[in-house]
Amino acid sequence: MCGIVGYIGARDAYPILIKGLKRLEYRGYDSAGLALVTNSDQLAVYKTKGKVADLEHYVLDKDITGSMGIAHTRWATHGEPSDANAHPHYSQSGHLALIHNGIIENYPVLKENLVQNGYTFRSNTDTEVLVQLIEYIMFTHGIDLFHAVQLSLTQVVGAYAIAVIERNNPNAIVAARKSSPLVIGIGEGEYFLGSDASPIIEYTKKVVYVNDDEVVCLRRDREPQFYNLNRVEKSHRIIELEMTLSQLEKGGYPHFMLKEIFEQPHTIRECMRGRVNVEHNSITLSGIIDNRERFLKARRIIIVACGTSWHAGLIGKYLIESFARVPVEVEYASEFRYRNPVLYDDDIVVAISQSGETADTLAAVELARSRNVFVYGVCNVVGSSIPRRTHSGSYTHAGPEIGVASTKAFTAQVTVLALMALCMARERKTLPQPEFEHLVAGLAAIPAKMEETLQVSDFIKKFSCIFTYAHNFIYLGRGYNFPVALEGALKLKEISYIHAEGYPAAEMKHGPIALIDQEMPVVVVAPNNKSMYEKVVSNIHEIKARKGRVVAIITRGDTVIKEMADYFIEIPPAEECFVPLLAVIPLQLMAYHIAIVKDRNVDQPRNLAKSVTVE
């Protein structure tokens with residue numbers, strides 16, 4: 001969602017802020033702005049609808065001096081994208097400027113009270129209400145900015161990560177968070193702020209992740225101070241970042257999405273490093289081993305996730321049930337959190353999130369914790385909110401994922417879920433040892449097979465242009481590959497803006513078959529597995545009988561479906577349970593190449609944000 005950047009130190013702030021905003025463009029946004037306390041002691045606020053490049057053009061003739069400032073990219077929630085609604089927002093007197101990620105739910109009540117006290121508003125946002133409230137409390141109570149922010153936030157209902165600066169105090173930035181990510185970078189005599197670590201990594205690897213309900217004061221001349229809303233000072237832990245600056249660059253690829261698709265063999269190896277030992281036929285997942293009794297006694301596993309992570313969770317359900325023989329439910333976190341779910345003390349909730357900041361998934365974690373249920377996190381971003389709020393978990397080690405449409409994070413999540421399923425199976429003794437060893441070896445072979453699969457990219461590029469005419473796609477799969485069909489359809493929707501739906505192949509006859517004609521491309525994930533191959537062949541016959549155009553993902557050497565399909569993409573043979581890790585790659589590439597032909601912005605598709613940190 002929205003991106004936050006801040007800097008205070010001895011350097012010129014503007015170049016750091018602009019570069020930071022560019023690092024955060026992947027999160028999705030519709031406007032950008034910044035505020036500086038200039039060398040002439042003015043509070044300069046510059047903002048505009050559009051891209052960071054538009055902001056750069058706008059400030060060409062403006063005063064951009066100063067060594068302290070805050071900056072923001074906005075993804076609209078309250079109020080349409082416009083110059084007025086862009087951040088930063090400044091107070092009525094022009095004394096304060098504020099940036100905000102999140103939603104202030106009770107802003108109408110706060111706004112009405114401020115109007116009655118003589119305040120007027122320039123925007124339609126909830127954020128402007130907050131900066132006006134802070135100023136009102138400062139002036140009426142005669143207190144400094146830090147304490148005014150503390151007091152103001154006790155009146156706020158909602159989610160926020162904020163940073164505030166004051167015209168008459170060029171030596172301090174006040175920041176706070178609740179249910180929205182905020183990271184502080186610790187430099188030599190300087191401090192940085194970010195929604196995530198990407199704008200910070202160029203300058204320091206030492207960071208502090210701000211906790212919920214904490215207010216932080218960053219001053220040039222002292223250590224950061226952390227307090228809760230009750231004015232109790234809190235300790236903080238400095239973490240060393242693992243990411244590198246090169247991971248945030250395109251590395252010669254035209255788009256981050258394509259780079260991340262091709263990084264998948266490497267990321268899966270990183271995900272398995274230290275966890276899979278083929279020589280000793282072992283899986284080591286410390287999060288499960290350290291909580292062995294909980295996993296042995298688990299009545300069921302409940303997976304909560306959103307979007308692509310939910311699709312990974314569906315594959316995880318098949319894996320865990322098949323290997324470990326524990327019943328698994330997969331829930332949309334956004335639905336789970338608003339129900340009154342039946343939870344037992346011996347349940348385990350598994351929360352999956354690439355960013356570790358997904359608002360609905362985080363709320364589902366809190367709900368589970370409130371019912372005394374053990375929560376296990378599967379996340380990519382070290383130190384993010386979900387790993388800090390879960391009892392245990394596993395990182396995916398996929399590295400930074402910049403493209404909004406998730407690719408390598410999906411396959412890394414599926415890999416961790418496969419490791420979990422195998423580790424649970426070993427502890428519960430639900431797999432014969434020869435079968436366990438066979439599966440361990442099969443999983444270890446996947447990265448090399450991914451490298452083979454990626455060689456189809458140029459072939460997919462050639463035939464993808466044929467399908468740019470299509471307004472609708474159907475994706476079909478069975479068993480482990482039904483979630484792959486869902487994920488392939490989602491990728492096409494996200495970046496090409498073509499409507500696509502994924503279905504279990506057998507469900508085609510229960511409605512979707514009515515849509516099939518010679519204008520309807522149908523993508524069938526059809527590996528040569530033992531259990532359902534003939535059924536999928538029958539489904540393809542039904543499509544062809546209605547003149548549907550079939551694109552089939554097949555196992556190398558398959559001649560039956562190869563003859564039936566209009567187009568086919570071959571993948572190497574693999575164990576049926578691990579085929580999704582290979583079959584999804586052609587679907588990612590097909591979505592990418594169709595979007596490129598249609599001249600879409602594949603890294604920053606319209607209306608989407610990388611990390612959904614508000615409801």
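Two strands count as paired if DSSP finds at least two bridges between them, and in that sense five strands here make an open, parallel sheet in the order β18-β17-β19-β20-β21. This is a predicted model, so a few ground rules: local features need pLDDT of at least 70, side-chain atom pairs count only at pLDDT 80 or more, and totals for chains, interfaces and linings use all residues. Residues are numbered from 1 along each chain as its sequence is written, and side-chain values use heavy atoms, with hydrogens and water left out. Helices (H or I, at least four residues) and strands (E, at least two) are DSSP runs, numbered from the N terminus.

- Helix α12 (residues 359–370) lies across β17, β19 and β20 (374–379), and runs at about 165° to β19.

**Helix α4**

- Helix α4 covers residues 126–141, and its 16 residues should span 22 Å at 1.5 Å a residue; the end C-alpha atoms are 23 Å apart, which agrees. The expected span is 1.5 Å times one less than the number of residues.
- Twelve of the 16 residues of α4 are buried, so the helix is largely enclosed by the rest of the structure. Buried means under 20% relative accessible area, exposed over 50%, and partly exposed in between (1.4 Å probe, protein chains only).
- At the start of α4, a side-chain oxygen of threonine 125 comes within 3.1 Å of the backbone nitrogen of glutamate 128.
- After α4 comes glycine 142, with a positive phi near 65°.

- Helix α1 (residues 13–23) is mostly covered, with eight of its eleven residues buried. Those buried include Tyr14, Ile16, Leu17, Leu21 and Arg23.
- The cover over the buried residues of α1 includes β1 (3–8), β2 (31–37), α2 (52–58), β4 (68–74) and β10 (191–194).
- Glutamate 202 and lysine 19 meet in a salt bridge, 3.1 Å from N to O; the term means a side-chain nitrogen of Lys or Arg within 4 Å of a carboxyl oxygen of Asp or Glu.
- Glutamate 202 sits in the loop between β10 and β11 (206–209) and lysine 19 in α1, so this pair ties together parts 183 residues apart in sequence.
- Lysine 22 forms a salt bridge with glutamate 56, the closest N and O atoms being 3.1 Å apart. Glutamate 56 is in α2 and lysine 22 in α1, so the link joins parts 34 residues apart in sequence.
- Both partners there are partly exposed: glutamate 56 has a relative accessible area of 25%, and lysine 22 has 40%.

**Salt bridges elsewhere**

- By this rule the count comes to 25 salt bridges.
- Aspartate 61 and lysine 62 form one of them, with the closest N and O atoms 3.0 Å apart; aspartate 61 is exposed at 64% relative accessible area, whereas lysine 62 is partly exposed at 31%.
- Shared partners join Arg292, Glu293, Arg426 and Glu427 into one salt-bridge network.

**The β12–β13 hairpin**

- A hairpin joins β12 to β13 through five residues. Strand β12 (residues 214–219) pairs with β13 in the antiparallel sense over four bridges, and cysteine 217 has glutamine 225 as its bridge partner in β13.
- From β13 (residues 225–228), Gln225 and Tyr227 point one way and Phe226 and Asn228 the other, and all are buried.

Definitions and conventions: A polar contact is a pair of N or O atoms within 3.5 Å; within protein, one must be able to donate a hydrogen and the other to accept it, and residues adjacent in sequence count only if both atoms are side-chain atoms. Contact means heavy atoms within 4.5 Å. Axes are lines fitted to C-alpha atoms, for helices over the stretch in contact, and angles run from 0 to 180 degrees between N-to-C directions.
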